[in-house]
Amino acid sequence: MTLQTWTWILVGITFALYIGIAIWSRASSTKEFYIAGGGVSPLANGLATAADWMSAASFISMAGIISFNGYDGSVYLMGWTGGYVLLALLLAPYLRKFGKFTVPDFIGDRYYSNTARSVAVFCALLVSFTYVAGQMRGVGLVFSRFLEVDINTGVIIGMIIVLFYAVLGGMKGITYTQVAQYCVLIFAFMVPAIFISIQMTGNPIPQLGFGGMDENGVYLLDKLDGLHRDLGFAAYTSGSKSTLDVFFITAALMVGTAGLPHVIVRFFTVKKVSDARKSAGWALLFITVLYTAAPALAVFTRTNLIETVSNQKYDELPSWFNNWEHTGLISFEDKNNDGKIQYVGDAAKNELTVDRDIMVLATPEIAHLPNWVIALVAAGGLAAALSTAAGLLLVISASVSHDLIKKMIKPDISEKGELIAARLSAIVAVCVAGYFGINPPDFVAATVALAFGLAAASFFPAIILGIFSKKMNKEGAIAGMLVGILLMLFYMTKFKFDWFGGGTKEDWWFGISPEGFGTVAMMANFVVSIIISKFTPNPPEEVQEIVENIRIPSNVGIAQNH
Amino acid sequence: MSTNMLKKYWKTNLKYLAILLSIWFVVSYGFGILLVDELNTIRLGGFKLGFWFAQQGSMYVFVILIFVYIRLMNALDKKYNLDD
């Protein structure tokens, strides 16, 4: 069968599955719409969280980024997994005990202030919209490469599917489709990784093949370091970023992960506190399967790519090279007119440009894997993008219908009215996301780092202090969040968009890149919050009791018992 | 449940957090970043050790840390009769 036929079949089957689940799990109350009724099992929630978390970036781009950056790519691996330790130990159990629907719910109630709630809603919307635009774009890309439809048609098909199950099923529909999507995406990622690991090292487990030998008994990593040295690239296993910057970027990604509303809200869907802890454990386990295979895949594809193209005659290259040349993701310019490809570190002599996104998508072709495996990768990429998009859309719709309308504008709205509002805002959110998918603002890539930085600089300190410090008051929290966000926005726009006089790498404060600056902004938030709270009145007695109460897993609240 | 007991429960929880988060810090920021060059002089099969911690080891330890925390807290909840 041809690749096209396989792709249509696999994408068709998976989409039918998602729609089937959506019809079976319609939401009939706001509790079902926002938190799936609060009765999801820890295992199912772990699977759903893993799919929710792993986006088009994790599935399509991450292995490629690592492939081109070697050791420096570690920031994503440690950053995007280490945050789950913070979530499991410092946030999830307590937020579950608090037991509301959204993150702004917690901020607003804990800091007894609608100003705090509004700041939280603003951050949640900003972070989620930034993210969702990238997902829709990912959907469009996969459609256009594998099904040869127009990129915009691809985005619209994706919108309709997400619209269907997010609007109909709310969190309940999203949760169970995400469980299915995790299975699809992990299978799609691991099958080619296992195949290529066997081909290159004889070991079926990519995580071990990563440290294995090739047929000549040379360790793969040593061989790759050698190839890099010969071609004038930086050594693969040691990076080129400064240690300080690697430290700060990793921290910003970890803390940002733990502060992302669409991840946090997943822990509201389980029945009890111990289930929240358990589902964080399951989630990280399922994420780690992909995250430990990705750097292995990165090494396999990097070695493969160099060996296939370096110093080879352009006319004799395999057919995948031409296929991808058509998409513009790989290009060759014969600078010295010798008909051979010089792929070297020196930019003046280098003749090959490779887009990082190609590495995962083209791997099966480079390794001559069967057509059904290539089609599977397409279905996996779609599962990753759609599951994340749906989770984000739910955060957006809940922020509008619950935090803005129910909690601030019209508190007397009926349950039915709120449910309608939630569905309407989900529809609007899908349309806005689709618009950005079709007309991507050129700052999308730059703002992904901003999303993590903002989450790190705003939510993380406010939530942590809200749980671990009884004396933290609204003045401290609001001032801290504002300072954190504004500082982050300032640094980001200054160095990414050239506002406020702009600046280059040499002007970075302490040599910290905008990607790592979230850590600095987070620390500023902590410091400001703590200082301001020392000079302003303590929070009211009943708020301090809330804090006592969320620290205890059972319903035996201190208030009734002492 | 007396206030005193709850204080003790919370203190034990904080102690667990301090120990587990120290390990979390050491394997990622310590072994994977700050000490990576020193550890890279040691080999673990085909890997340089520091590189392995940055791209494999730290993640395995993260998973183990969460499951250890789950066990510790379940036992603690039981001891104080707070399991839900």
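Tutor: An angle under 35 degrees counts as roughly parallel, one over 145 as roughly antiparallel, one from 65 to 115 as roughly perpendicular, and the rest as oblique. The model is predicted, so local features need pLDDT of at least 70 and side-chain atom pairs count only at pLDDT 80 or more, whereas totals for chains, interfaces and linings use all residues. Residues are numbered from 1 along each chain as its sequence is written, while chains are lettered from A and ligands numbered from 1 in the order in which they are written.

Chain A contains 23 helices and two strands; these are DSSP runs numbered from the N terminus, helices being H or I of at least four residues and strands E of at least two. Its C-alpha trace spans about 80 × 55 × 40 Å along the principal axes. The radius of gyration of chain A, 24 Å, agrees with the value near 24 Å for a compact globule of 562 residues (taken over C-alpha atoms, the rule being 2.2 Å times the number of residues to the power 0.38).

Packed helices are described by the angle between their axes and the distance between the axes. Axes are lines fitted to C-alpha atoms, for helices over the stretch in contact, and angles run from 0 to 180 degrees between N-to-C directions. Helix 15 (residues 358-366) of chain A packs on helix 16 (residues 371-409) of chain A at about 170°, the axes being 9 Å apart. The two helices are therefore roughly antiparallel. Here A:L361, A:P364 and A:E365 of helix 15 of chain A meet A:V373, A:I374 and A:V377 of helix 16 of chain A, a contact requiring C-beta atoms, placed from the backbone, to lie within 7 Å. This contact has five nonpolar, no polar and one charged residues (Ala, Val, Leu, Ile, Met, Phe, Trp, Tyr, Cys and Pro count as nonpolar, Asp, Glu, Lys and Arg as charged, and the others, Gly among them, as polar).

Helix 3 (residues 42-53) of chain A meets helix 13 (residues 273-309) of chain A at about 50°, with axes 7 Å apart, which makes helix 3 of chain A oblique to helix 13 of chain A. Their crossing is right-handed, meaning that the near helix is turned clockwise from the far one by less than a right angle, anticlockwise being left-handed. Among the residues in contact are A:W53 of helix 3 of chain A and A:W282 of helix 13 of chain A. By class, nine are nonpolar, four polar and two charged.

Helix 13 of chain A also bears on chain B. In the model, 45 residues of chain A contact 38 residues of chain B, and helix 13 of chain A gives the largest share of the chain A side, 12 residues. That side comprises 23 nonpolar, 18 polar and four charged residues.

A further pair is helix 19 (residues 459-468) of chain A with helix 21 of chain A, whose axes come within 8 Å and cross at roughly 40°. These helices are therefore oblique to each other, and their crossing is right-handed.

As to confidence, pLDDT being the predictor's confidence in each residue from 0 to 100, chain A averages 88. Helix 21 (residues 517-534) of chain A has the highest mean, 96, and helix 23 (residues 558-561) of chain A the lowest, 35.

How values were computed
Contact = placed C-beta atoms within 7 Å.
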